[in-house]
Amino acid sequence: MRIVTYNLNGIRARLERLVEYLKEQQPDVVCLQELKAADENIPRKEIEAAGYGALWHGQKGFNGVSILAKGQEPKERRIGLPGDAEDVQSRYVEAEVDGVVIASIYLPNGNPVGTEKFAYKLNWLERLRGHGAELLAEEAPVVLAGDFNVIPSNEKDDVFSARAMASDALMQPESQAALRTILYQGWTDAIRARYPEGPIYTFWDYTAGAWRRDAGFRIDHLLLSPQAADRFLDAGVDRDYRGRDKASDHAPTWVQLAD
C-alpha cells in the first residue's frame, strides 16, 4: 500500500496537477491538505473519473483536508480533531482503508510567533498528542499523514537555512518539542526511517528562487504506529512534481507498506 501526503495549495488551482499525479503514480491512498474549497465546490467528478473515492472535509477559502482511496470509498472514522468543541477549522479527517487507519492532517501554521495563532498551533499539537495516544492504544496499523507545519530540527537535513527560519513558527523550539513529544509516544518518522541522514525537503517557497536554489525544508510527514512500522518497505519525496508548471509549493511525500 502506497500512502501519499500532498498539500495542494488549492485543489481547484492544482486540479490538473493532482489528476496527473494520480494517473502517473497510481497511489493507493492520498491525503490532501489545504484544499481551499467548501465541500460543494470540490471537483468530485474529476477525482472519481481518475478512479478514486474520497472523504472530504472542506472549508471555503482556506484549510480543508481529504483522504482519497483508489477504487474504493474510505471508511470514515472521524471528522475533526477532538479536544476543542469550538474549533471550526477543517484540519483533520480520519478513515480506514484496507485495515489501515489513516489521518490527513493540516496543522496550523502559527505565524506570527507570540500571537493567538501560535498558541492555537501549540494547543493543536497537544490535542494531536492526546488523540495519537488513543490511536496507539488500538494497536492497529495507523499512519498520521500531512502537512505538520513543523521543521523537525535546525539541521541542514531538514532546513536549507536555520538562520532564515529562526523567527518562523515552523521552527520554534516549542513547535519542535511538541512534535518530538508525539514521536516519543512510539511513532516512526517514515522519511527518516528510509533516509537517516542527508537533506530531504518537501516544501519550497514560490519566492526568491527557492525551488531553483533548493532552498527548501521538511514539513510534510508520515508517522507510523508500531504496527504500521512493522510493514514499512520504503518512503520518499516525488520532487519532480514540485518543478512542474503551476505546481503546488509542496511535493508529494509517500510511504510504502507491505500488504
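Okay, helix 1 first. Its buried residues are Leu 15, Arg 17, Leu 18, Val 19, Glu 20, Tyr 21 and Leu 22. And keep in mind as we go that this is a predicted model. What covers those buried residues of helix 1? The cover includes strand 1, strand 2, helix 2, strand 3 and strand 4, that last one being residues 65–70. Just past the end of helix 1 you'll find Gln 26, with a positive phi of about 50 degrees.

While we're on backbone angles, a quick reminder: most residues other than glycine have a negative phi, and most peptide bonds are trans. So let's look at some exceptions. Where does Asn 9 lie? In the loop that links strand 1, residues 2–7, with helix 1, residues 15–25. Its relative accessibility is 10%, so Asn 9 counts as buried.

Glu 34 is another one. Phi there is near 55 degrees, again positive in a non-glycine residue. Glu 34 sits in the loop between strand 2, which is 29–33, and helix 2, which is 44–49. Buried or exposed? Glu 34 is buried, at a relative accessible area of 15%.

And then the peptide bond. Going from Asn 111 to Pro 112 the bond is cis, with omega near -5 degrees. Pro 112 is in the loop between strand 7, residues 100–106, and helix 3.

Next up, Trp 56, over in strand 3, residues 52–57. With 10% relative accessibility, Trp 56 counts as buried. Which residues is Trp 56 in contact with, once you set aside neighbours within four places in sequence? You've got Ile 11, Leu 32, Leu 35, Asp 39, Ile 42, Arg 44, Ile 47, Val 65, Ser 66, Leu 68 and Ile 79. If you want a distance to check on screen, take Ser 90: it is 34 residues from Trp 56 along the chain, and their C-alpha atoms are 9.7 Å apart.

Now the nonpolar core. In soluble globular proteins, nonpolar side chains tend to be buried together. Here, the largest nonpolar core has 40 residues, and the ones with the most contacts inside it are Ile 3, Val 29, Ile 102, Val 143, Ile 151, Phe 217 and Val 255. Let's zoom in on Ile 3. Skipping anything within four places in sequence, Ile 3 is in contact with Val 29, Val 100, Ile 102, Val 143, Leu 222, Thr 253, Trp 254, Val 255 and Leu 257.

Last stop, a helix pair. Helix 3 is residues 116–137 and helix 4 is 173–183; their axes come within 9 Å and cross at roughly 5 degrees. Anything under 35 degrees counts as roughly parallel, so that's what we call helix 3 and helix 4. Who makes the contact? From helix 3, it's Phe 118, Lys 121, Leu 122, Leu 125, Leu 128 and Arg 129, and from helix 4, Glu 174, Ser 175, Ala 178, Thr 181 and Ile 182. By class, that contact comes to 6 nonpolar, 2 polar and 3 charged residues.

Staying on helix 4, the buried residues are Ser 175, Gln 176, Ala 178, Leu 179 and Ile 182. They span an arc of only 160 degrees around the axis, so they're on the same side of helix 4. And what do they pack against? Helix 3, plus strand 12, residues 220–224.

How values were computed. Residues numbered from 1 in each chain as written. Predicted model: local features only at pLDDT ≥ 70, side-chain atom pairs only at ≥ 80, totals over all residues. Heavy atoms only, no water. Core = buried A, V, L, I, M, F, W, Y, C linked by side-chain atoms within 4.5 Å. Buried < 20%, exposed > 50% of the residue type's maximum accessible area, 1.4 Å probe, protein only. Contact = heavy atoms within 4.5 Å. Axes fitted to C-alpha atoms, helices over the stretch in contact; angles between N-to-C directions. Helix = DSSP H or I, 4+ residues; strand = E, 2+ residues; numbered from the N terminus. Parallel < 35°, antiparallel > 145°, perpendicular 65-115°, else oblique. Nonpolar A, V, L, I, M, F, W, Y, C, P; charged D, E, K, R; others polar. Arc of directions from axis to C-beta.
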